[in-house]
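Here is a short report for a first look.

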Amino acid sequence: MLTCPSLFFPQSFKAILTPQSLLVLDFRGFGLERWLVLELAPQLASQSNSLPFEFTALEAILQHKVNTLHAQLNDVEPVLMDTLESLVDPKILSVDRSKLHILLQNSKSLSELETDIKVFKDTLLKILDEEEIIEELCLTKWTDPRVFEESSLGIDHAEEMELLLENYYMQAEELANKTRELKGLIDDSESVVFINLDSHRNVMMRLNLQLAMGSFSLSLFGLIGVAFGMNLQSSFEEDPRVFWLVTGFMFLGSGLIWRRLLSFLGRHLMPSVPPLIPQVWKRNMKASDIRSGIR
Amino acid sequence: MLTCPSLFFPQSFKAILTPQSLLVLDFRGFGLERWLVLELAPQLASQSNSLPFEFTALEAILQHKVNTLHAQLNDVEPVLMDTLESLVDPKILSVDRSKLHILLQNSKSLSELETDIKVFKDTLLKILDEEEIIEELCLTKWTDPRVFEESSLGIDHAEEMELLLENYYMQAEELANKTRELKGLIDDSESVVFINLDSHRNVMMRLNLQLAMGSFSLSLFGLIGVAFGMNLQSSFEEDPRVFWLVTGFMFLGSGLIWRRLLSFLGRHLMPSVPPLIPQVWKRNMKASDIRSGIR
Amino acid sequence: MLTCPSLFFPQSFKAILTPQSLLVLDFRGFGLERWLVLELAPQLASQSNSLPFEFTALEAILQHKVNTLHAQLNDVEPVLMDTLESLVDPKILSVDRSKLHILLQNSKSLSELETDIKVFKDTLLKILDEEEIIEELCLTKWTDPRVFEESSLGIDHAEEMELLLENYYMQAEELANKTRELKGLIDDSESVVFINLDSHRNVMMRLNLQLAMGSFSLSLFGLIGVAFGMNLQSSFEEDPRVFWLVTGFMFLGSGLIWRRLLSFLGRHLMPSVPPLIPQVWKRNMKASDIRSGIR
Amino acid sequence: MLTCPSLFFPQSFKAILTPQSLLVLDFRGFGLERWLVLELAPQLASQSNSLPFEFTALEAILQHKVNTLHAQLNDVEPVLMDTLESLVDPKILSVDRSKLHILLQNSKSLSELETDIKVFKDTLLKILDEEEIIEELCLTKWTDPRVFEESSLGIDHAEEMELLLENYYMQAEELANKTRELKGLIDDSESVVFINLDSHRNVMMRLNLQLAMGSFSLSLFGLIGVAFGMNLQSSFEEDPRVFWLVTGFMFLGSGLIWRRLLSFLGRHLMPSVPPLIPQVWKRNMKASDIRSGIR
Amino acid sequence: MLTCPSLFFPQSFKAILTPQSLLVLDFRGFGLERWLVLELAPQLASQSNSLPFEFTALEAILQHKVNTLHAQLNDVEPVLMDTLESLVDPKILSVDRSKLHILLQNSKSLSELETDIKVFKDTLLKILDEEEIIEELCLTKWTDPRVFEESSLGIDHAEEMELLLENYYMQAEELANKTRELKGLIDDSESVVFINLDSHRNVMMRLNLQLAMGSFSLSLFGLIGVAFGMNLQSSFEEDPRVFWLVTGFMFLGSGLIWRRLLSFLGRHLMPSVPPLIPQVWKRNMKASDIRSGIR
């Protein structure tokens, strides 16, 4: 009796199948109960087809399980795709943290779904491997006369059973492939998010550096102004041209030094590009356009 | 004698099982001794059930091992989930280092648990593979009369043994799945922590850049003030309107330059968004709200 | 009848093969319909070769599938190589985001292609495993007379069939290897992109730090100027040499302090290199040239 | 003759085992020679036990190999654990580079050890798989009389040989598990090191940003002072209260603006936390304490 | 005829082997042609040994293939090791980008080599699996008389063939292990490079923060100087001591505030270390020496 196939699906239920009855153990949760009463029972009761009872019961259970897995994947997939799409958006500077939370939760659901599919596949494989035993022990064992009749009609239940199981196995395999692809997509998207964030940071850091260069130039030449602001005798106090000379020197000098620092930065960050003299600022801003590639 | 199944669980004990006796070798640690004396011994002594001795002993040992693995996972899991939840909290700027330490320790425990489960599964698989040998050599070999009786009663101990082992194997498999899911969750959470930290850094860097732009503007126009502060003749000394003109120019000029720099930053970081003229500061602060997605 | 090989390719079609007919189910999409009508039908109709029908049909279907997979890989590969080459370009400071988008899309296509190849391989393996059944049931079963003739001619269709399938399997294997290599290349390139971005950032941060050192020196000695600029009696007001002394001290002092800070930075970042006194700035800029290695 | 088990351990030696002799080929390195002469030779010569020669020789070689692997792991493990512990220390800001070098070297040793263990396991598996051949060809083939005697005594060398090999296989398996756990620990520790470094960086960046806010406020209100420092007529020169008014405005104003900026930063980085008004600085410094978690 | 082993090595050639002849198809590239003409042909022609032709031919081809794989690995390995050594050099601040390019290229070569080795191993495995078929069909089938002679001499070609193939398989396995170790080393080195770069960045950021603290202190107390520099009446103008008082307050004040900020930074980054009062700067610089570990 114990050698009948006992289906064990973690997180759902355990069923023992005999030719006359189906024992469903350990079912819990509302949805499952409803399915058992509203769908499985009538389906098994109807028996309009000429197939043996255990065949119908196994098909109903497997179909329900595959449908549940499909539904779970269909729940997770669109949310995940939406979240990933908004995360890899190249225009964003910082990541919306609620999206990350959604991503993490869906990633967890995907892992659990992957485990469920794996367990389902293992269960199917185990039934397929022990097929001969099932054939002999459970399937149509006590209904010999009908079997003999049918086998003369060219219908072989064990063969059909195997095809049924293989069909479900292939559906599970497809689900597993989809899940693996989604996991890969999450990984790839995370890499892209990191590159995006790093890239943004580099752009901001270069702008920051360019401003620091400007501030440094202004400080350097401002020091001249501070020096002349001291209450000390510089002997230039009376010459009206010196004011304009020194002021002009301060502004022009800081401008020139800034420009030299910017062009130094440009050369420093892009060593092999020939030095471009005009429009230093513009060139730095559009540096990403002149990449020639390493081919 | 040596062909009897010898169970070898690293980090716990080694047992040799014969139909008459159970040899437990290499047990160490207080908890195990207590279990051997307080639980295993009475359980084996009671023998209320009609099952052969080696069957009961093996079941007791396997049950104890599975219980230990379950307990270990139940120890690690809630602490790990709590730690991960507090780590992926999007509001935190820097990570609590004590949490990281807890994470690392639990991750290590999880790896060790994974190894334990793997070894347990391998041991079960090996016993299952050598089942025929066990059947012949150890199980109820010397108790032929009873076996013959029972087999006529339809009870097959070898078959039952196999089901028992398979049941424990499935429990171990479930534990392994759980462990793998937890490891995956740790990896995903770490990615989220990295994205969170990077994202925070980018936000701070943009604020820093905006301030650097402000400071630069102030330095640039402050240079005018410094120039007029020099003890040099600028010929404007006597005109009372020049003070207000120059002061106004300094403040307005730095404000305007800052605004231009901020709008340049906005355009530079979000190239495809059309330039927004009013409320530059606000726009930059809420830039993350106007993302339209790449769909 | 159901035991005939039914080829199931997700995302394309399902075919059932009998010696007399080929049933193609679930085909969808324009391209496939065109292939069925324009290429497959004439190919099967011509029958110029003496091979049995199911042999020709299977070869045509497999050839079409392998060609499709080859075409898909050939679509993805050059785009991917181009994108990766431009991404790992060491001269770029920030990553072109459109390239990242292309990378992500192609990476996804590659995953889907990988799944397709895996499914194709599994299907071939399953047919190869069930070969004996196929041999007996489907292939040239009803054409006994011709088979007897041919087998006397030394031609064995089952053997030839197996070689055909193995050949396609090896082509699929080669495609899978190529796909795996491409995935590995994407991962390696991403690492290089990260190192590049990090490296750029470090260079910019060192420049920033050197400028911050300069600004700090200028602020420190500028404070002297500010002090002498106060409207307070310092008793040096009348001495004409003090102006030049203090001004010189300010400029020389900040220069010296800057130089000391730069050399401190150089020593701090490269601890084991002996202190180089002359040309502090140059040394820092070319620090990457004096690495001696850790061998 | 060639069918005798030839043990091939890369990086150590190759041995060919016959019932009469042990050929050790390709041994190199001082330690191995010493072992061969000082330990293996006497061990094989003594032959005090009644076991056949090839049995003793194989056991000696395998024991030596397992001991070597154990010794290698024991060399690597404590150094690695020490290095990892000091690397994941949450208090460190930058990583000691010599530790990184040690980590890299030990990680490499671990990889090589992993390969060695894998090769050892494969060799054992191959001998176990070809057991029947060994049984027939090499083991006690020419000593038929003794074998017959012993087998009547219930001693079966082939069985014992298999148990010996399985024992060594399990030891190798345990070593492999340990190695894999260590590799996992290295990966986990590296993640923790990265999170630590990133976390430190974020804390420093926030401090930097807070200082930049302070500097900006001082610059902004310092501009007023610079304006009044100009040698231009502001018509306030004679009013003695204006000095204190303007000075007070400068200091109070920069203080207020700084406080507003700091509270803006606090709100900006922790959006959902209700605004905390008092003790802005303290709050920012201890922001990591008020996390409420996402549970 | 088609059942003879056909060796298929992607990217090199395909060979069909019969007892009388060796058909080499699809060879391309200069090197291979040269090898065929200059080495393979004479080797096969000489036939000095008594071994059958197909044996010699197979050995020659496999030897050539293994040699090629060895040569490829020997090309890649030293370059890769050199590049990795210079990349993980802890003294470097930014990574030499040309080294990254070399790394990427060698990593790609390694992936291709890995695929080649895998294909070679699969080919050998397939020949080994189909050994009985080969034995019967190809090897010395038509040379019955000699075979009978030799088998009476105790020479078994099929056995020898198997040993030959196993030997080449083990060489390929060793190459595969080496390749895997190299790939692992690349991954580990990349992690170390990242930690190095991050660590450098943190050190620079701390220096930057310390300078920002200094600049902030100078700005704060410089504001006093700016206030006294205003052309407003402060009533202290005539007191000669006030100049020295205010100047001293400015310098001492900024020094003290800086020191307090530095000690705050020190406490903030290393919370559990007791506050160290003397030599603030030194302590910060050598902070990495006072780590006490988490053991």
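## Salt bridges overall

How many salt bridges does the rule count over all chains? The count comes to 40. This is a predicted model, so the values below are computed from predicted atoms.

One of these pairs links D:E166 and B:K126, whose closest N and O atoms are 3.7 Å apart. D:E166 sits in helix 6 (residues 157–229) of chain D, while B:K126 sits in helix 3 of chain B, so the pair joins two chains. Side chains of opposite charge can pair when their charged atoms come close.

## How two copies are related

Take chain B and chain D. Chain B can be laid on chain D by a turn of 72 degrees, with a shift of 0.0 Å along the axis. The RMSD is 0.1 Å. The two copies are therefore related as by a five-fold rotation axis.

Which residue of chain B has the C-alpha nearest the axis? That residue is B:G229, and its C-alpha lies 4.6 Å from the axis.

## Annotated spans in chain A

The UniProt record, an unreviewed entry, places the feature "transmembrane region" at residues 211–230 and 242–262 of chain A.

The model can be read over both spans. Residues 211–230 of chain A are 95% helix and 0% strand. Their end C-alpha atoms are 28 Å apart. Residues 242–262 of chain A are 100% helix and 0% strand. Here the end C-alpha atoms lie 30 Å apart.

## Where chain B meets chain D

In this interface, 70 residues of chain B are in contact with 60 residues of chain D. The buried area is about 6100 Å², and carbon and sulfur atoms give 67% of that area. On the chain B side, B:K91, B:R97 and B:F243 lose the most area to chain D. Together they account for 12% of what that side buries.

The rule finds three salt bridges between chain B and chain D. Among them, B:K118 meets D:E173 at 2.9 Å, N to O. The count of residue pairs in polar contact is ten.

## The chain B side

Which helices of chain B each supply at least two residues to the side that touches chain D? They are helix 2 (53–87), helix 3 (97–129), helix 6 (157–229), helix 7 (240–269) and helix 8 (280–285). Helix 6 of chain B gives the largest share, 22 residues.

By class, the side of chain B that touches chain D has 35 nonpolar, 16 polar and 19 charged residues.

How values were computed: Residues numbered from 1 in each chain as written. Chains lettered and ligands numbered in written order. Predicted model: local features only at pLDDT ≥ 70, side-chain atom pairs only at ≥ 80, totals over all residues. Heavy atoms only, no water. Least-squares fit on C-alpha atoms with pLDDT ≥ 70 in both. UniProt positions renumbered as here; feature names shortened; annotations may be inferred. Helix = DSSP H or I, 4+ residues; strand = E, 2+ residues; numbered from the N terminus. Contact = heavy atoms within 4.5 Å. Buried area = accessible area lost by both parts, 1.4 Å probe. Salt bridge = Lys/Arg side-chain N within 4 Å of Asp/Glu carboxyl O. Polar contact = N/O pair within 3.5 Å; in protein donor to acceptor, adjacent residues only side chain to side chain. Nonpolar A, V, L, I, M, F, W, Y, C, P; charged D, E, K, R; others polar.
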